Amino acid sequence: MEPVLVDGGKGTLELGSDGVLHLIWEPKVRIEIHDAQAAMAAVNDIAGDGSYPMLVDMATTESVSREARGVFSIPCAANRIALLGASPVDRIIANFFLGVHIPPCPTRFFTSRPESMKWLLQADK
């Protein structure tokens, strides 16, 4: 499927041929509550009645508001989430989220796309 622009234009979402939802945030973006709500609505819309692993490319994300982090704690059509970052700031943002909020499904931070995809596609044991 072609990538869909998330309402507000700060990210794109697609369901790849690999069966993984790919949410890619724009560089230097500040994610606010309405951005998080739009992204999760797009995830649920694309997934329909299904659930899928999701790769969230947050490399170079500038910030995520407290309210947006709360939205990301609400269960959605993602059944496993890999947060992909590239910098120490990305790791801080992800670790803060994971330390303060209970993710709605298994969630981990990665700096390697191949490692994140391997984890997303592994069967739960």
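My entries below go from the sheet to the helices, then to a ring pair and a loop.

**Ground rules.** I'm working with a predicted model, where local features need pLDDT of at least 70, side-chain atom pairs count only at pLDDT 80 or more, and totals for chains, interfaces and linings use all residues. Residues are numbered from 1 along each chain as its sequence is written, and side-chain values use heavy atoms, with hydrogens and water left out.

**The sheet.** I looked up the strand order and got an open sheet of six strands, β1-β2-β3-β5-β7-β8, with mixed pairing. Strands here are DSSP E runs of at least two residues, helices are H or I runs of at least four, and both are numbered from the N terminus. Two strands pair if DSSP finds at least two bridges between them. β1 (4–5) and β8 (107–110) are the edge strands, each pairing on one side only. β1 and β2 run antiparallel, joined by two bridges, and Val4 stands opposite Leu13 in β2.

**Helix α1.** I checked its length: 15 residues (33–47) at 1.5 Å a residue should span 21 Å, and the end C-alpha atoms are 21 Å apart, so that agrees. The expected span is 1.5 Å times one less than the number of residues. Which residues of α1 are buried? I noted Asp35, Ala36, Ala38, Ala39, Met40, Ala42, Val43 and Ala47. Buried means under 20% relative accessible area, exposed over 50%, and partly exposed in between (1.4 Å probe, protein chains only). Their cover includes β2 (11–15), β5 (52–57) and α2 (66–71), with contact meaning heavy atoms within 4.5 Å. Just after α1, Gly48 takes a positive phi of about 60°.

**Rings.** I found one aromatic pair in the structure. Phe110 and Trp119 are tilted, 5.7 Å centre to centre with 45° between the planes. (Rings of Phe, Tyr and Trp, its six-membered ring, pair with centres within 6.5 Å; planes under 30 degrees apart are stacked, over 60 edge-to-face, the rest tilted.) Both Phe110 and Trp119 are buried. The charged end of Arg80 sits over the Trp119 ring, 4.1 Å from its centre; that label needs NZ of Lys or CZ of Arg within 6 Å of the ring centre and within 35 degrees of the ring normal.

Most residues other than glycine have a negative phi. Lys28 is not a glycine, yet I see a positive phi of about 60°. Lys28 lies in the loop between β3 and β4. Buried or exposed, I wondered about Lys28? Lys28 counts as exposed because its relative accessibility is 62%.
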